[in-house]
Amino acid sequence: MSRDLNIKVHHLTRVEGHGNIVVNMKDGILETAHLSIVEPPRFFEAMMKGRSFHEAAIITSRICGICSLGHQLTSLVTTEAALGLEISEQTVLLRKLLVHGATLQSNILHAYFLAAPDFLKVGSVFPLIATHPDVVLRALRMKRLANDIGDIVSGRAVHPITPVPGGFTRIPEKAELLEIKRRLLEEGLPDGLETIETMKALAGAIPQFERETEYISLKHKDEYALYEGDIFSSDTGLIPVENYLDVTNEFVVNHSTSKHAKYNRNSYLVGALARWNNNHSQLIEEAQAAAEAMGLKPMCFNPYMNTIAQVVEAVHCILDSVRIIDKLIENGLKNEKPNQTPTRYGRGIGSNEVPRGILFHDYTYDNKGNIIKANCIIPTGQNLANIDDDMQKLVPEIITKSKEEITLDLEMLVRAYDPCISCSVHMLEVDFIE
Amino acid sequence: MAMLTVIGIGNRLRGDDALGPLVIDELKLMNGSDLELVDVGSDALSILEHLSDKKKVVIIDACKMGREPGSVVSFSPEEADVVLDHDPLSLHGLGLAEALRMAGSLQMLPEDLKIIGIEPESIQFNSQLSRTAQQAMKMIIEEVHRELQNSKRNLKILL
């Protein structure tokens, strides 16, 4: 079909860092289809330079209100790798519990507040409050439960304070963990099952679009990898975390101040869908059943299904948190002090699966324990090239639709990736009524 | 139960945006049992978890009000037209305005809600608190104490 199309979705908010969708088609030939990112230049390295190993995780946790825990944990494992700090089994278990809380919270928020309004074609979450208050309240209840896991384990949910290099400064009480377990089973699980029903009802509205790409996530031999593992590419297999730069291969493009990444293909995908494709058989049985109920099958090449993979993970996180709590209690909670005696100084590389995908931190310490070099590669940056490639395949496939419908499909595509375009400040703008 | 819940919003890494959390730190140092203090960082949506079942809540946040930097203004949600600033591509646009609107629609707003807004001088990443914001901090703390006294007075009238 010979057609001219010109789409520009601009987000001229005051909030620094935002994405613009730009599509340009002339005489039926697609000239441009990409997500343009206008983000402030890298501040990470400058912010970290000269900081001591005690400070690194605190600072990184404040980069972003939503991703704080992910940055903090990756920072801790990076510092521990650089300074040769061994950690206990209890520390690992408590961290895994934290990761589950953070994943649950983020996945649920995305599914209910960003994706569900898309599936219902209501523009934003606000109309849902009037029509489906019970669903919004359920989402908030799940967010709160997830936050409370963070509060109990880390001392403070949003900017955790007790996880430090080498361990925790405070170990949660047995009674606190049992109370979380009770709520996970009595509130979290029923809410999770209701969420599956809600998403099942909405699944028909998920666009049918497929583009096979390379899926990159962590992989662990014994479990669904979130906290630890090796890098895994669906194309090439396992890669040690230390070789992350061989995978990310960041490069500059004109339309984005954030670098793009590519490994074996032109682009790759990270996040819940990549984790599902690479590690689905390691999910808890109930989560696998949830996937089946919602129509998510391996390998899934539809990026819009990322939301469904997130809900599957939410179910996994709820039930696996119960398993972790049982294990902690079975082992007996030990009032351990964090191991903060470095056995070496130098470079360390750390990686975790944070809700939006695989995250890398890379620090080099001097022999006083201060950072001399730092690098951080976030999931959204790694997804940008893949989003562009999706758009370039998608636009010609939906070209018979109206401009408004095409625009919505493209916005939904970007939102499906749950992008963290800017870890930024939210300043309230106020006009006083005179 | 605390007489007054104070919630600080802001990112400690971003200059004057740190004021909300910093005020919470200061109040913690001088706190008796009258205040419940909450630092939600830059996750404004979390305020929803702290609003229900509360009688009186004060929220401290950097606000773009078109005033001189360092200006401190105390207002209720009805007194101001907060501008929704939802970036539809990500959750990161969900700020205080959206959280308040959501709380209003879900009938979760406390009976008495005050927002203490501070006009920031700079919210650049990795910057320090400005001198004007440092001065504003004292005014905000006084304002919180005034609100606390008001609640105590109201409680006495009720009793």
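# Briefing on a predicted model

In chain B, the loop between α3 (96–105) and β6 (112–118) holds B:Gln107. The model is predicted. Chain A has 434 residues, with 13 helices and 13 strands.

**Positive phi values**

- Most residues other than glycine have a negative phi.
- B:Gln107 is not a glycine, yet its phi is positive, near 55°.
- B:Gln107 is exposed, as 8 other C-beta atoms lie within 10 Å and the limit for an exposed residue is 12 or fewer.
- A:Asp418, also not a glycine, has a positive phi of about 55°.
- The place of A:Asp418 is the loop of chain A between α13 (403–416) and β13 (428–432).
- A:Asp418 has 28 other C-beta atoms within 10 Å, so it is buried, the cut-off being 20 or more.

**Chain A as a whole**

- A compact globule of 434 residues would have a radius of gyration near 22 Å, and the 21 Å of chain A agrees with this.
- Along the principal axes, the C-alpha atoms of chain A fill a box of roughly 70 × 60 × 50 Å.
- Buried residues make up 52% of chain A.
- Taking the contacts in chain A between residues at least 6 apart in sequence, 71% join residues that are at least 24 apart.

**Helix α10 of chain A**

- Helix α10 of chain A spans residues 285–293, and its buried residues are A:Ala287, A:Ala290 and A:Ala291.
- Viewed down the helix axis, the buried residues of α10(A) lie within an arc of 100°, and therefore they line one face of the helix.
- An α-helix has 3.6 residues a turn, so residues three or four places apart point the same way.
- On the face of α10(A) turned away from the buried side are the exposed residues A:Glu285 and A:Glu292.
- After α10(A) comes A:Gly295, with a positive phi near 80°.

- Strand β6 (residues 214–219) of chain A pairs with strand β7 (residues 230–233) of chain A through 4 bridges, in the antiparallel sense.
- Within this pairing, A:Leu218 has A:Ile231 of β7(A) as its bridge partner.
- β7(A) is also joined by 3 bridges to strand β8 (residues 237–239) of chain A, and these two strands run antiparallel.
- The hairpin formed by β7(A) and β8(A) has 3 residues between the strands.

**The largest nonpolar core**

- In soluble globular proteins, nonpolar side chains tend to be buried together.
- The largest nonpolar core here has 167 residues, and A:Val312, B:Leu19 and B:Ala99 have the most contacts inside it.
- Helix α4 (residues 89–119) of chain A gives the largest share of this core, 15 residues.
- With neighbours within four places in sequence left aside, the contacts of B:Ala99 are B:Ala44, B:Leu45, B:Ile47, B:Leu48 and B:Leu94.

Conventions. Residues numbered from 1 in each chain as written. Chains lettered and ligands numbered in written order. Arc of directions from axis to C-beta. Core = buried A, V, L, I, M, F, W, Y, C linked by C-beta atoms within 7 Å. Contact = placed C-beta atoms within 7 Å. Pairing = 2+ DSSP bridges. Rg over C-alpha atoms; globule rule 2.2 N^0.38 Å.
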